[in-house]
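Subject: Structure for your files, with notes on the aromatic rings

Hello,

Please find the structure below. My notes follow it.

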Amino acid sequence: MPRTKTIYVDMDDVLCHTAQRCLTIIDREFGKAVAFEQLSTFDLGSACALQPEEIKELFRIVHHPDELIGLEPVEGAVSALRQWAAAGYDIAIVTGRPPPTYDASLAWLARHRVPYQTLTVVDKYGRFETASTIGITLSQLAERQFCWAIEDSLPMASYLADRMRVPVALMDRPWNRTDRKHSLIGRYHHWSDIAEKWPGGCR
């Protein structure tokens with residue numbers, strides 16, 4: 001495999017605090033108070049006992065540009081990316097958000113002065129169509145090369161490690177603590193821990 005200096009970085013709950021914002025919306029809109037540590041599954045509907053119409057409304061609200069642009073950055077994330085960029089690494093932001101969120105995602109990256117070369121929308125979980133959109137499929141993602149990846153989704157971490165043979169820094173979250181041990185996946189609790197190891201799989 002050709003050498004690359006491109007690092008894959010997920011957005012939600014890796015660069016920005018999305019789950020916390022979702023819980024705030026769920027409490028406000030549906031009167032259901034759920035603690036962050038109770039999110040033991042990646043499926044918010046299941047974790048928060050939401051009805052189908054509530055799930056639809058949640059995603060309508062959280063994907064509104066004002067909500068996305070207002071998300072808070074995860075502590076230490078932006079400074080780590082700046083460190084890598086200054087050292088000559090390319091930052092590839094890879095998100096599973098639907099294609100209509102692209103412009104708001106760009107605005108968030110600009111607002112927080114996040115260094116990056118590309119922002120790619122990928123249908124990571126079979127949630128939207130990619131035909132005639134800017135989105136790409138997982139198979140198309142697998143054609144790309146990364147030297148390292150930072151993810152919070154266990155299914156995506158496994159895909160990157162198993163299918164693409166990319167070392168993954170898995171951000172510790174309540175919904176990914178059922179992971180099996182994998183030689184290419186390491187668990188990290190804070191961005192400072194990741195920054196200490198950088199550029200990990202790019203050596």
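Predicted model: local features only at pLDDT ≥ 70, side-chain atom pairs only at ≥ 80, totals over all residues.

Residues are numbered from 1 along each chain as its sequence is written, and side-chain values use heavy atoms, with hydrogens and water left out.

There are 5 aromatic pairs in the structure (rings of Phe, Tyr and Trp, the last by its six-membered ring, with centres within 6.5 Å; planes under 30 degrees apart are stacked, over 60 edge-to-face, the rest tilted). One of them is Phe36 with Trp175, edge-to-face at 5.7 Å between centres and 75 degrees between planes. Phe36 sits in the loop between α1 (18-30) and α2 (44-47), and Trp175 in the loop between β5 (168-171) and β6 (185-188), so this pair ties together parts 139 residues apart in sequence. (Helices, H or I of at least four residues, and strands, E of at least two, are DSSP runs numbered from the N terminus.) Trp175 is buried at 9% relative accessibility (buried is under 20% relative accessible area, exposed over 50%, partly exposed in between; 1.4 Å probe, protein chains only).

Trp84 and Trp191 form a tilted pair, 5.8 Å centre to centre with 50 degrees between the planes. Trp84 belongs to helix α5 (residues 77-86) and Trp191 to helix α9 (residues 191-197), 107 residues apart. Trp84 is buried at 0% relative accessible area, and Trp191 is buried at 1%. Ring pairs join Trp84, Trp191 and Trp148 into a cluster.

Regards
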